[in-house]
2 protein chains.
Amino acid sequence: MDGNSLGALPIAARERLEHVVKAEWGKGLIKSWNDAGWIALNERVGAKIAPLVGAHPKEVVLADSTSVNLFKTVATAAVLNAGRKKIISEAGNFPTDLYMMEGLTAFMKGDLELKVTARDDILEALDEDTAVLLLTHVHYVSGAMFDMAAVTKTAHEKGVLVVWDLSHSAGAVTLALSEAGADFAVGCGYKYLNGGPGAPAFIYAAERHHGAMAQPLSGWFGHKCPFDFVDTFEPKDGIARMTTGTTPVLAASALESALSVFDGLDMETVRTKSVALTDLFIALCEKDLGAYGFTVVPCGDDARGSHVSLMHDEGYAIMAALIDHGVIGDFRAPNNLRFGFTPLYMSFVDVWDAVETLHRIMKKKIWDHAKYKERNAVT
Amino acid sequence: MDGNSLGALPIAARERLEHVVKAEWGKGLIKSWNDAGWIALNERVGAKIAPLVGAHPKEVVLADSTSVNLFKTVATAAVLNAGRKKIISEAGNFPTDLYMMEGLTAFMKGDLELKVTARDDILEALDEDTAVLLLTHVHYVSGAMFDMAAVTKTAHEKGVLVVWDLSHSAGAVTLALSEAGADFAVGCGYKYLNGGPGAPAFIYAAERHHGAMAQPLSGWFGHKCPFDFVDTFEPKDGIARMTTGTTPVLAASALESALSVFDGLDMETVRTKSVALTDLFIALCEKDLGAYGFTVVPCGDDARGSHVSLMHDEGYAIMAALIDHGVIGDFRAPNNLRFGFTPLYMSFVDVWDAVETLHRIMKKKIWDHAKYKERNAVT
């Protein structure tokens, strides 16, 4: 129940990597850039992610890490909205979103500034000096999910461009970037997309921005003719100008094959199961665990993404005991136990077993043993 | 003779990847961040690259792509040298170095500007308004190699910080970053380091800069306590603050194992063979190919790195024919045929065979067939 930084290993990804390493790298060598299609990987994988996020295939491209892509998209949006100074984001957003904005604004010394606002005050904070609104679609702790279309509409009415971080959404909930009129988005290739540990990330940019968008990390893979080796940068047409350095072929290939598990799947169906899984988990927790001091982190008026966090003062020790008993969740300081529900491969039996194990740990006070109370690094 | 974007496949890298995928990802899952040491990969691989570039193990870290790292190091150096506006680089430098600087300076709108200067005029161009000098240590076409210590000394005398791109140097020539007093450096994990197609890159920063350096791409992997999930960025101590997003575990693991072929090797010995290989190639070319209109791209007064470029008006067709006859070199418009000599796995017989094949192609005018004269994408 914790695929955060990797996802489960798809058989297709394992087999593909073996082929890429032994045949394409080992034997095809440099010729594989053309012969094995490495040169088109960024765009090909982007096009494969597009239907999962409700975008046109030419609006998504694989590139770098989520963090780097946050810098690229927000900087690009800020330049498109030049004259406005503020970047607004949510207090308690996923840390790297805020950290990247700190770096971006510090580097711009006064030309841009970051304003971090409580969730309930975000829409009111948007004003005529706001260039970009950066939001994580599904909150990484509470699971609360913004209404993308409504938020985007309000932002646009105030002339604000919106960048969505889909890291905790893509592959688990229905997304409709185009329909919502979203400007930019980023997301990771791991977690619900199962691309493996530290898989490359993706960028979405609405087609209407392609012509004017100029990003600061203008590397040679975003150049119109990279193999002409000219001194002056000329961006590729379309979404590919958001790429930067040489494609990470091994990781990109693993992700491409991992995505094939979504082939022919309807995201509405995936989402229906996701809701059923989280609802069952919450219902079982309320039935069995009420006496042990757990509280479900609420989503407020928002819908829920595909994970549930429970608060408990002894959260660290409880999660350590749970992991030791085969239920891998995630502890987030100070007191959150987070459980992810990947609709593609989790069963209702898994949910039932998890709550039963947690129940046993609480009833027998297993978590109270010294070994679980000692703090180690938990990722 | 063209390992540019990958390097040959080391057996150790192949075996390691298989283990990482099947055991660490497939079975260990999220626990592998601690149990398999993924969390320390960036620093561990950096420390393994350090002796190859003449740096202290704590001065090198794995991160992102070379392009992204160019942005990070030059921006960091520019901030350290605030008040000065110019970034100077070489005309005809490897394109992504210049492209990244275009993006960086355009984004800074007037606070920083890029000046691209002919090789011979670089040192004279450094003045009291120059913040950073960005140079590729071994030129990607000519192979000409800067005297790192001398250039760094001159730059420092003028108060200029130097960023070296070692992509065409690391693993093939002797490097002494610390001894030369170098400030920052970047380089790719592929080419002579054999990390595989699009392998992650590295950053070097001299220890004396660690305390003050603040880079703009301040992502969560560069945070002092990333798993405390606080809203405010606080950089890690030391070189690790130059990292940004989640470690690309598959690619980083492959590179770590690939680097083991350098274990116990003395770079002076590697360099001696590199020089012997390029010298033999040039001597054979002059002996056998003089009549066919080839010219060796000269290095001027500089030493030569580990590759040789030949100029020929029919370079494209000749390289296509060569590749077809089993000698893989590299064509760079408009008329360069580039041959790389990886001292670790190339033999003198390989050099001999390559020139003999080229000789045969010229003598029999094989390159003049229509199929070789038709232009396709060549990477």
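Axes are lines fitted to C-alpha atoms, for helices over the stretch in contact, and angles run from 0 to 180 degrees between N-to-C directions. Residues are in contact if their C-beta atoms, placed from the backbone, lie within 7 Å. Helix α7 (residues 148–157) of chain A lies across β4 and β6 of chain A, at about 150° to β6(A). Helices (H or I, at least four residues) and strands (E, at least two) are DSSP runs, numbered from the N terminus.

Residues are numbered from 1 along each chain as its sequence is written, while chains are lettered from A and ligands numbered from 1 in the order in which they are written. As the model is predicted, local features need pLDDT of at least 70 and side-chain atom pairs count only at pLDDT 80 or more, whereas totals for chains, interfaces and linings use all residues.

## The sheet itself

The seven strands form an open sheet in the order β1-β8-β7-β6-β4-β2-β3 (chain A), and the pairing is mixed. Two strands pair if DSSP finds at least two bridges between them. At the edges are β1 (60–62) and β3 (113–117) of chain A, each of which pairs on one side only. From one strand to the next, the twist averages 20°.

Within this sheet, strand β4 (residues 130–136) of chain A pairs with strand β6 (residues 161–165) of chain A in the parallel sense, over five bridges. L135(A) stands opposite W164(A) in β6(A).

## Packing of α4 and α5 in chain A

Two packed helices are described by the angle between their axes and the distance between the axes. For α4(A) and helix α5 (residues 95–107) of chain A, the angle is about 50° and the axes are 9 Å apart. The two helices are therefore oblique to each other; angles under 35 degrees count as roughly parallel, over 145 as roughly antiparallel, 65 to 115 as roughly perpendicular and the rest as oblique. The crossing of α4(A) and α5(A) is right-handed. A crossing is left-handed if the near helix is turned anticlockwise from the far one by less than a right angle, and right-handed if clockwise.

On the α4(A) side, the contact is made by T66(A), S67(A), L70(A), F71(A), V74(A) and A75(A). The α5(A) side contributes T96(A), D97(A), M100(A), M101(A) and L104(A). By class, this contact has seven nonpolar, three polar and one charged residues. Ala, Val, Leu, Ile, Met, Phe, Trp, Tyr, Cys and Pro count as nonpolar, Asp, Glu, Lys and Arg as charged, and the others, Gly among them, as polar.

## Overall form of chain A

Chain A has 14 helices and 13 strands. Its radius of gyration is 22 Å, close to the 21 Å that the globule rule gives for 379 residues, so chain A is as compact as a globular protein of that length. The radius is taken over C-alpha atoms, and the globule rule is 2.2 Å times the number of residues to the power 0.38. The C-alpha trace of chain A spans about 70 × 55 × 40 Å along its principal axes.

## Interface between chains A and B

In chain B, 67 residues are in contact with 67 residues of chain A. On the side of chain B that touches chain A, α1 (11–28), α2 (32–35), α4 (66–80), α5 (95–107) and α9 (249–258) of chain B each supply at least two residues. The most comes from α5(B), with nine residues. By class, this side of chain B has 38 nonpolar, 21 polar and eight charged residues.

The contact joins L250(A), A251(A) and A254(A) of α10(A) to L250(B), A251(B) and A254(B) of α9(B). It has six nonpolar, no polar and no charged residues.

## The four-stranded sheet of chain B

An open sheet with the order β9-β11-β13-β12 (chain B) is antiparallel in its pairing. β9 (295–296) and β12 (330–332) of chain B each have a single partner strand, so one side of each is left without a neighbour in the sheet. β9(B) pairs with strand β11 (residues 307–311) of chain B over two bridges, and T295(B) stands opposite M311(B) in β11(B). Helix α10 (residues 267–288) of chain B packs on this sheet, touching β9, β11 and β13 (336–340) of chain B, and its direction makes about 20° with that of β11(B).

Conventions
Contact = placed C-beta atoms within 7 Å.
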